[in-house]
Amino acid sequence: MSSNPIILFVGAYPNMADAKDDLKAVDGLYRFKTIGAYQAAIVARDANGELQVEQADRSYGRHIVNNLTQSAIKEMGQLLSPGKILLVVVTESEAHHALRSAMVKATRSIDTEAPSDSKGFQTELDAAVRGLA
């Protein structure tokens, strides 16, 4: 891991409203400077297999958290089974405890440090999604 690792937090949700509520809570952490720059995405596969994505980006071009790309989200969506909803948050700060306290509506979650290179990040993201999908 680098000296300033990326924190990857993935939570599973029973419905879109709960995922959106937790995303708002994460944004509150950012506004109160509890966490630094972050990227987030709610990724859901509906009963018909259609992928729905809502993104939030508070990275402002900061390279360390620019790993949550469209291709990463698309690959993550392919791992989801119908009816599954995930919220993924990527931040550069040591934010495990803060994210856990904000993302209270997740029924299950995985948080880990991920390498900042895109291949290593994608490997960690895929592993987390498989663990919850």
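A: Asp27 has its place in helix α1. Helices (H or I, at least four residues) and strands (E, at least two) are DSSP runs, numbered from the N terminus. The model is a predicted one, in which local features need pLDDT of at least 70 and side-chain atom pairs count only at pLDDT 80 or more, while totals for chains, interfaces and linings use all residues. Residues are numbered from 1 along each chain as its sequence is written, and side-chain values use heavy atoms, with hydrogens and water left out.

Helix α1 covers residues 16–31. The expected span of a helix is 1.5 Å times one less than its number of residues.

After α1 comes Lys33, whose phi is positive, near 60°.

The next topic is burial. A residue is buried under 20% relative accessible area, exposed over 50%, and partly exposed in between (1.4 Å probe, protein chains only). Asp27 counts as buried because its relative accessibility is 13%. The buried residues of α1 also include Met16, Leu23, Val26 and Tyr30. These buried residues of the helix pack against the strands β1 (6–13), β2 (38–45), β3 (51–57) and β4 (85–91), and against helix α3 (96–102).

Contact means heavy atoms within 4.5 Å. When its neighbours within four places in sequence are left aside, Asp27 is in contact with Tyr38 and Arg58.

Tyr38 leads on to strand β2. Tyr38, Ala40, Ile42 and Ala44 point one way from this strand, whereas Gln39, Ala41, Val43 and Arg45 point the other way, and all are buried. Since eight of the eight residues of β2 are buried, the strand is largely enclosed by the rest of the structure.

Two strands pair if DSSP finds at least two bridges between them. Strand β2 pairs with β4 in the antiparallel sense over seven bridges, and Ile42 has Leu87 as its bridge partner in β4. Seven bridges also join β2 to β3, again running antiparallel; here the bridge partner of Val43 is Val53. Between β2 and β3, which form a hairpin, lie five residues, and Gly49 in the turn has a positive phi of about 90°.
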